[in-house]
Amino acid sequence: MSVTGLPPYDPQNIFARILRGEIPCKRVYEDEFALAFHDINPQAPTHVLVIPKGPHVSAADFLADAGDAEIAGFWRAVGHVAKSLGLEDAGYRLLTNMGADGGQEVPHFHVHIFGGKRLGRMVSVS
Ligand code: AMP
């Protein structure tokens, strides 16, 4: 169930299908709470997506509906993945798009990890 203006969770969304193994991904990391894989259309030298295993449409849904263990486990996985990618020393960017104004394309909550170059101060808002 979406807590925002977004439709309810669609179990046929592409990330749900990746979680079920119906569509391949370039997996980076997986544990009880999260799956991380390379973005199919990278916007930086390193561009990895981290998704929770539960059916959450957006950041708002995840933060409203997920249990404390799931939230903690997911964010620990994000940190672990960034570290394992060797991004900690030079730095990296985390980003999550939510809803129409946020430009969210896939309706399964995900965090982008960008790194591998100087990314500039902010994303474009033009
Ligand atoms: P967002 O706009 O935040 O919803 O971003 C969705 C991201 O998912 C985009 O960066 C896409 O390139 C990426 N994406 C879509 N389909 C796939 C896929 N099958 N495997 C990996 N990344 C994907």
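Predicted model: local features only at pLDDT ≥ 70, side-chain atom pairs only at ≥ 80, totals over all residues.
The model contains an open sheet built from five strands, which are arranged in the order β1-β2-β3-β5-β4 with antiparallel pairing. The edge positions are taken by β1 (27–30) and β4 (92–95). Each of these two strands has a single partner, so one side of each remains without a neighbour in the sheet. Direction ignored, neighbouring strands of the sheet are turned by 20° against each other on average. Within this arrangement, β2 (residues 34–38) and β3 (residues 46–52) run antiparallel and are joined by five bridges. His38 has Val48 of β3 as its bridge partner.

On the surface, a nonpolar patch is formed by Leu63, Trp75, Tyr92 and Leu94, and the accessible area of these residues together is about 380 Å². Trp75 of this patch is located in helix α3, which comprises residues 68–84. The relative accessible area of Trp75 is 36%; this residue is therefore classed as partly exposed, since that category lies between the limits of 20% and 50%.

His108 is situated in the loop that connects α4 (99–102) and β5 (111–115). With a relative accessibility of 0%, His108 counts as buried, because the term applies to residues under 20% relative accessible area. A polar contact of 2.6 Å links the side chain of His108 to the side chain of Tyr9.

Technical notes:
Residues numbered from 1 in each chain as written. Heavy atoms only, no water. Pairing = 2+ DSSP bridges. Helix = DSSP H or I, 4+ residues; strand = E, 2+ residues; numbered from the N terminus. Axes fitted to C-alpha atoms, helices over the stretch in contact; angles between N-to-C directions. Patch = residues over 30% accessible without salt bridge, like charges linked within 9 Å, V, L, I, M, F, W, Y side chains within 5 Å. Areas by Shrake-Rupley, 256 points an atom, 1.4 Å probe, with all protein chains shown as cover. Salt bridge = Lys/Arg side-chain N within 4 Å of Asp/Glu carboxyl O. Buried < 20%, exposed > 50% of the residue type's maximum accessible area, 1.4 Å probe, protein only. Polar contact = N/O pair within 3.5 Å; in protein donor to acceptor, adjacent residues only side chain to side chain.
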